[in-house]
Amino acid sequence: MSTFEQEMKKGNFVCSECQKCNKLVWPPNDFCNTCFGKVRWRPVSKLATVVEFSRKENTVFCVAEFEKTIRVMGSLESLSGQIKVGEKIKLVKCEFNGKERFIFQIAGS
Amino acid sequence: MKNVAISGFGITKFTRDDLPIESLMASAVKSLFVNTPNLVQKDVDAILTATSDSSKYLSSITAELTGITPKISHNVESLCNSGANCAISAFAYIASGLADVALVVGAERFDSPGLILEWDKSRGQFRHPIYWSSIFTKSHMRRYGTTKEDLAIVSAKNHKNALANPYAYFEKEFSINDIMRSKNLTEDIRLLDCSYPCSGSAAILLTSEDVTKRFTDCPIWITGIGQRTVSASFTKNHDFTAIQSTREAANDAYKMSSKESSEIDVAEVHDAFSICEIIEVEDLGFAIKGNGSKYVREMYDTQNRRINPRGGLLGSGHPLGATGIAQIIEIVQQLRGEAKKRQVEGADVGLVQNMSAAATSSTVLIMQS
């Protein structure tokens with residue numbers, strides 16, 4: 001299992017960051033895809049922005065962007081009203097069980 | 001660089017039959033030999049297969065089943081654009097002089113392991129293709145006012161075109177209402193906005209200008225090629241209202257063939273979902289950005305078959321590795337004037353756009369008679 005998957009399994013969303021050129025390496029990997037330098041693993045900000053969203057039955061799924069770089073698809077839960085593109089959301093849970101899973105709520109809720 | 005022609009083809013009907021993939025490939029190759037009377041097995045320098053099914057060493061197996069002992073044989077795998085990419089690999093062997101005659105055969109079974117992409121971490125739990133297509137659909141609707149009816153028109157048009165394609169999976173016309181009332185898969189797409197996995201195979205013969213005359217009097221020349229892969233992760237598509245990989249591949253193909261989008265008479269484009277055709281006609285330069293749905297609606301209203309005359313993926317079915325090659329076969333038939341009820345009158349220049357991995361990779365070919 002990769003470092004990324006091990007951390008996700010523990011509930012930590014981490015990303016690789018190059019020790020040499022400081023770029024975030026996403027999707028995560030053991031070396032930088034710009035300069036091939038070594039990476040360190042660091043937590044990703046919990047805050048994200050909705051880039052786009054849709055619904056399947058009662059599940060709202062969205063493309064969320066962290067730190068203006070990392071984009072993932074996740075589910076948006078505990079919604080009380082309308083959501084908008086550009087809305088600030090927070091990652092409330094992540095896990096790994098064969099595949100990654102990201103769960104968001106509206107920030108401040 | 002030698003000129004390269006498509007000098008023959010063979011195809012099977014697309015079905016849900018539970019046949020071994022090597023049998024599908026061998027059937028398309030057999031049909032190619034039957035259609036190309038002067039071709040014998042020893043003429044074939046290279047046999048390249050296209051499929052997402054890597055469970056068998058299919059290029060060697062297909063060669064053996066069809067009595068070929070090639071110099072070059074291997075598989076090309078790149079999910080849904082394996083077919084067009086395989087044709088380009090064969091083109092490169094011939095253009096470089098490493099081969100004079102190359103056989104390209106693509107196939108897939110309805111239960112292909114390539115249907116759901118398992119690597120892309122950025123998709124989280126939403127790995128089925130309906131999720132990425134919903135995101136593109138929603139973005140295009142939001143920015144350009146594209147409607148659910150616009151999506152249904154793409155599907156209605158392509159299913160209607162497929163009625164004249166004897167190899168298509170679907171043999172049924174669907175009204176705009178039928179499509180709009182088909183099962184909601186997400187808020188934005190319905191079942192009949194999606195292409196259908198099926199079993200099928202398609203083969204083409206590529207030949208160098210030196211030997212082409214031996215096999216056909218009506219060669220179709222590949223004059224433009226563009227390929228672009230922007231990522232392997234769906235979420236790295238910067239803008240979900242456009243397909244960057246297609247735009248860049250098309251620019252390269254137009255440049256290589258010294259053609260412009262306005263000179264394309266007929267095109268097969270990768271309508272894996274209804275929204276794809278709307279965005280592709282924009283990014284290939286056939287319609288102004290944002291006008292893709294209007295362009296498709298006009299084709300539907302006037303029964304113009306310029307885009308996806310064989311019925312596209314929506315009408316023909318989508319056996320992944322076979323799709324790009326089936327698209328090429330349609331353009332060959334169109335440019336030879338042999339497309340019967342599907343014929344676009346006076347077609348001299350054709351285009352194929354084949355795409356994979358949630359629009360992150362595209363291949364464009366331009367062909368001329």
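Q: Before we start, what am I looking at?
A: It's a predicted model, where local features need pLDDT of at least 70, side-chain atom pairs count only at pLDDT 80 or more, and totals for chains, interfaces and linings use all residues. Residues are numbered from 1 along each chain as its sequence is written, chains are lettered from A and ligands numbered from 1 in the order in which they are written, and side-chain values use heavy atoms, leaving out hydrogens and water.

Q: How many residues of β1(B) are buried?
A: Eight of the eight, residues 4–11, so the strand is largely enclosed by the rest of the structure. Buried means under 20% relative accessible area (1.4 Å probe, protein chains only), and strands are DSSP runs of E, at least two residues, numbered from the N terminus.

Q: Which way does β5(B) run against β1(B)?
A: Antiparallel, with seven bridges; strands pair if DSSP finds at least two bridges between them. Phe9(B) has Ile204(B) as its bridge partner there.

Q: And how many bridges go to β6(B)?
A: Two, also antiparallel, and Ala5(B) sits opposite Trp221(B).

Q: Switching to rings: how many aromatic pairs are there over all chains?
A: There are 19, counting Phe, Tyr and Trp (its six-membered ring) with centres within 6.5 Å; planes under 30 degrees apart are stacked, over 60 edge-to-face, the rest tilted. Phe13(A) and Trp26(A) are edge-to-face, because their planes are at 85°, with centres 6.0 Å apart.

Q: Is Phe13(A) buried or exposed?
A: Buried, at 2% relative accessible area, and Trp26(A) is buried at 3%.

Note on methods:
Buried means under 20% relative accessible area, exposed over 50%, partly exposed in between (1.4 Å probe, protein chains only). Helices (H or I, at least four residues) and strands (E, at least two) are DSSP runs, numbered from the N terminus.
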